[in-house]
Amino acid sequence: DYALRVAEVLGLPFQVIGMSSAQASASLAGSEEYWGNTQPGCVWQSLVVAGLSGGQVGLSGGQGIANPLFALDEIEKSNRGAGDPLGALYQLLEDTTARVFADKSVPWLPVDASNVNWFATANDVSALHPAILSRFVLIEPDPLTTDQLREIAQRIYKQMLNEFGLTDELENSLHVDALDRLAECSVRD
């Protein structure tokens, strides 16, 4: 949610990449060019394809933006089976090597990915390799206060009213008793 708000405020294209289901780094850095079905990854697509076509390939908003924002959701849950889904990050998160980023499917056309913005979420960073962790600024939020939980519940309620077209049918604000009950639940609930 925070990364989405930052992208909206800055007017940047934004994409969430679910790392819990990632099997290899191909979604970020493309698949090897020797595969018959090779495809560029989302970084190359956002920097090159979206700019050439004037459209948005896989991203919301923006055209030809050099600094899109990617959110790697639940990075600590990435599958470390046959491939390393985080492998591409060693190059992409390091400013010097990101300047000459070569997608695996188009290695003959390196691009400057040093301006790409990265967010990552994790419930527990202890499982992350120190080399990956050192490339991020670690922000550990304090537990939410009751007032903050009430505000979140109210904001979600207003979003739901708008989404379902009920702004004229229901009250715009939740009753204090409802907010108090919702503040006792987790944000996800």
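Residues are numbered from 1 along each chain as its sequence is written, and side-chain values use heavy atoms, without hydrogens and water. Because the model is predicted, local features need pLDDT of at least 70 and side-chain atom pairs count only at pLDDT 80 or more, while totals for chains, interfaces and linings use all residues.

Visitor: How many residues of strand 2 are buried?
Guide: Strands are DSSP runs of E of at least two residues, and helices are runs of H or I of at least four, numbered from the N terminus. Buried means under 20% relative accessible area, exposed over 50%, and partly exposed in between, with a 1.4 Å probe and protein chains only. Strand 2 spans residues 69-73 and is mostly covered, the number buried being 4 of 5.

Visitor: Which residue in strand 2 is the bridge partner of G18?
Guide: Two strands pair if DSSP finds at least two bridges between them. Strand 1 (residues 14-18) pairs with strand 2 in the parallel sense over 5 bridges. The partner of G18 is D73.

Visitor: What is the angle between the planes of F70 and W118?
Guide: Strand 2 also runs parallel to strand 3 (residues 117-120), with 4 bridges, and F70 has W118 as its bridge partner there. Rings of Phe, Tyr and Trp (its six-membered ring) pair if their centres lie within 6.5 Å; planes under 30 degrees apart count as stacked, over 60 as edge-to-face and the rest as tilted. The whole structure holds 1 aromatic pair. That pair is F70 and W118, stacked at 5.1 Å centre to centre, with an angle of 25°.

Visitor: How far apart in sequence are the parts that this pair ties together?
Guide: Both F70 and W118 are buried. F70 belongs to strand 2 and W118 to strand 3, so the parts tied together are apart in sequence by 48 residues.

Visitor: Is E76 buried or exposed?
Guide: E76 sits in the loop between strand 2 and helix 4. Its relative accessible area is 15%, so E76 is buried.
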